[in-house]
Amino acid sequence: MCGIVGYIGNKNAYPIIINGLKRLEYRGYDSAGFIVNAGKFVHTKTKGKVSDLEEKASEEASQSIESCYGMGHTRWATHGVPNNVNSHPHLSNSGKIAIVHNGIIENYLSIKRRLQQEGFTFHSDTDTEVLVNFIEFLKDKEQVPLETAVRYALNEVIGAYAIAVMEEANPTKMVVARLGSPLVVGIGEGEFFIASDASPFIEYTQNALYLEDGEMAVIKLNQPIDVRKIHNNEEVTPSVQELKLSLDAIEKGGYEHFMIKEIFEQPQSIQDTMRGRLLEDFSTKLSGIENNLKQFLSAERIIIVACGTSWHAGQVGEYLLEELARIPVEVEYASEFRYRNPVIHPGDIVIAISQSGETADTLAALKLAKEKGAFIYGICNVVGSSIARLTDSGTYTHAGPEIGVASTKAFTTQLTVLTLLALHLGYRKGTLDHHSYKKLCQQLSHIPELVAQTLEMTKDKVIEIAQEYKDVNNCIYLGRGLNFPVALEGALKLKEISYIHAEGYPAAEMKHGPIALIDENMPVVFLAPSKGHYEKVVSNAQEIKARKGKIIAIVTQGDKQMTDIADHSLEIPEVDELFSPILSVIPLQLLSYHIAIMRGCNVDQPRNLAKSVTVE
Ligand code: M6R
């Protein structure tokens, strides 16, 4: 969950590294550093953000940082607190080898003890410093080139990594490797870029080589890239793909924060998700399903694995798939599933949902399911990501880059894919009749404009409500049926960016305990669209009202009953119950955003978090 970037070419490396780190900051932002080779290694690192690094580098301007070779790192701490010493890059004891690392070396302590016996000393608390010294130790002991020493070291390492290694004596060479953490090489005209994702180099080249797990590459100026398997040094033919990423998509485009930009992008991103899949004749086309139709039609069970917001989407998916396709669905936290020897039958389908496609627990859960013989299907946003490549089949969400740490458009596009999937399967299985299928497809085609209307209808009123509740310490979100997972998602959004304690519950569960929390200081957000369990939700709201709780209700346009009970209401357009989560989550995203801004929080980079959780 760190970001790494590197450059070997004929341009000044420092600005490329700094800009690249800024684009990768979503991956971690508690400390940052860079190193360039200007005849000798020059490096700067600091606790804090990339902007702090820039400031420190300009204060230390006595040293020349003009060089065409270098690399940088933005960190999300695993081993060792965020401070200057623990920041990357790390240098070996001789100062001649430097490394940046994203991941965890699990057996670092035993390697460290071994190196200490050999006279190595350590200055940081990190596993990464152990790895760079291990490389140095093996290089000197075996008298081998850097790449061989890296390979020897990695064959003894247990854990996950994406690394870039440079040595002072060979400025035009960089060795990179990956296992469990992403690494992509950008191949330009006489220049190479390396990064955790392609965003640092898209204005320079669209030619990218994604390293596979267990691969390493030696990059040398003016020479073809050399890719090999780490375990046996077998040569791999590099497979370079052309990306279609635009710079606009990864910039703020006039918005103050990525999160609000991404919230307002949802009409378009949902449209993009449906393009080519929801056809003009109101039918669905999903090649990922059609190409494996037998598998899907005979599936006795679907297991959905995911984490965080993607897990909430999976929960909505359970309702949709069971309702429309009548297939039993279980939704599992990937982190639990992977460690509990789950019962998986060969006919089972395991669906992984992941925006990044790199979440370590989801990836591991999927590998386990594959080993056990399940057919695995991916719903990912990042094209070419590890999860997308592991799956037997899948559907990309096409939401475009999501940079704000709080997931917004990824959620609604995941819901869109799950809806398409449920409609398609239901129709193909015959559990959904022709008329209902067409009617639902037709309604789905209007969702982008309804999302746009929802934004318009709620965007100003949300600010007034945020003003009133910005100082609360707790908040409860309640919903039923399809809107219960939306309550969970609303609570997650609030807590992760505003640091207000928030919980989501099925509305009817309140009286089994949590209702004891209700008093005049407790805001309760009700998901109460008119279709579904409206009357029941109204009764639950009465129970809260009777205990003086403050009610904020998400209701269907024109609502009377709930609006009368509530202290505040936010109206969304009328829509079939099955599609209501895509609309009802929108005001909750906006509410969290505005409350967080009013509390002075960094919404795009909340404390302690990172966008891709590539460690367990
Ligand atoms: O990339 P993924 O969808 O696999 O990420 C899963 C979670 O880490 C992610 O949804 C997280 O919960 C978000 N910060 C929520 O806003």
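This is a predicted model: local features need pLDDT of at least 70, side-chain atom pairs count only at pLDDT 80 or more; totals for chains, interfaces and linings use all residues.
**Nonpolar core**

The largest nonpolar core holds 87 residues. Ile-351, Ile-447 and Tyr-477 touch the most other members. Helix α20 (residues 580–598) supplies the largest share, 10 residues. In soluble globular proteins, nonpolar side chains tend to be buried together.

Leaving aside residues up to four places away in sequence, Tyr-477 touches Ala-487, Gly-490, Ala-491, Leu-494, Ala-502, Glu-503, Gly-504, Tyr-505, Val-525, Leu-588 and Leu-591.

**Strand β4**

Strand β4 spans residues 69–75. Seven of its seven residues are buried, so the strand is largely enclosed by the rest of the structure. In a regular strand the side chains alternate between the two faces of the sheet. Both faces of β4 are covered. Tyr-69, Met-71, His-73 and Arg-75 are buried on one side. Gly-70, Gly-72 and Thr-74 are buried on the other.

Which strands join β4? Strand β1 (residues 3–8) runs antiparallel to β4 and is joined to it by six bridges. Here Ile-8 stands opposite Tyr-69. Strand β2 (residues 31–37) is also antiparallel to β4, again with six bridges. Gly-33 of the model has His-73 in β4 as its bridge partner.

**Aromatic pairs**

The count of aromatic pairs comes to 10.

Phe-193 lies in strand β10 (residues 191–195), and Tyr-204 lies in the loop between β10 and β11 (207–210). The pair therefore ties together parts that are 11 residues apart in sequence. Phe-193 is buried, at 2% relative accessibility. Tyr-204 is partly exposed, at 32%. Ring pairs also link both residues with Tyr-7 and Phe-201 into a cluster.

The charged end of Arg-607 sits over the ring of Tyr-499, 3.8 Å from the ring centre.

Most residues other than glycine have a negative phi, and most peptide bonds are trans. Where does this model depart from that pattern? The peptide bond from His-88 to Pro-89 is cis, with omega near 0°. Pro-89 belongs to the loop between β4 and β5 (90–91).

Gln-143 is not a glycine, yet its phi is positive, about 55°. Gln-143 occupies the loop between α4 (127–142) and α5 (146–154). At 67% relative accessibility, Gln-143 is exposed.

His-398 also has a positive phi, near 55°. His-398 lies in the loop between β20 (393–396) and α14 (409–429). Its relative accessible area is 37%, so His-398 counts as partly exposed.

Notes
Residues are numbered from 1 along each chain as its sequence is written. Side-chain values use heavy atoms; hydrogens and water are left out. A nonpolar core is a set of buried Ala, Val, Leu, Ile, Met, Phe, Trp, Tyr and Cys residues joined through side-chain atoms within 4.5 Å. Buried means under 20% relative accessible area, exposed over 50%, partly exposed in between (1.4 Å probe, protein chains only). Helices (H or I, at least four residues) and strands (E, at least two) are DSSP runs, numbered from the N terminus. Contact means heavy atoms within 4.5 Å. Two strands pair if DSSP finds at least two bridges between them. Rings of Phe, Tyr and Trp (its six-membered ring) pair if their centres lie within 6.5 Å; planes under 30 degrees apart count as stacked, over 60 as edge-to-face and the rest as tilted. A charge sits over a ring if NZ of Lys or CZ of Arg is within 6 Å of the ring centre and within 35 degrees of the ring normal.
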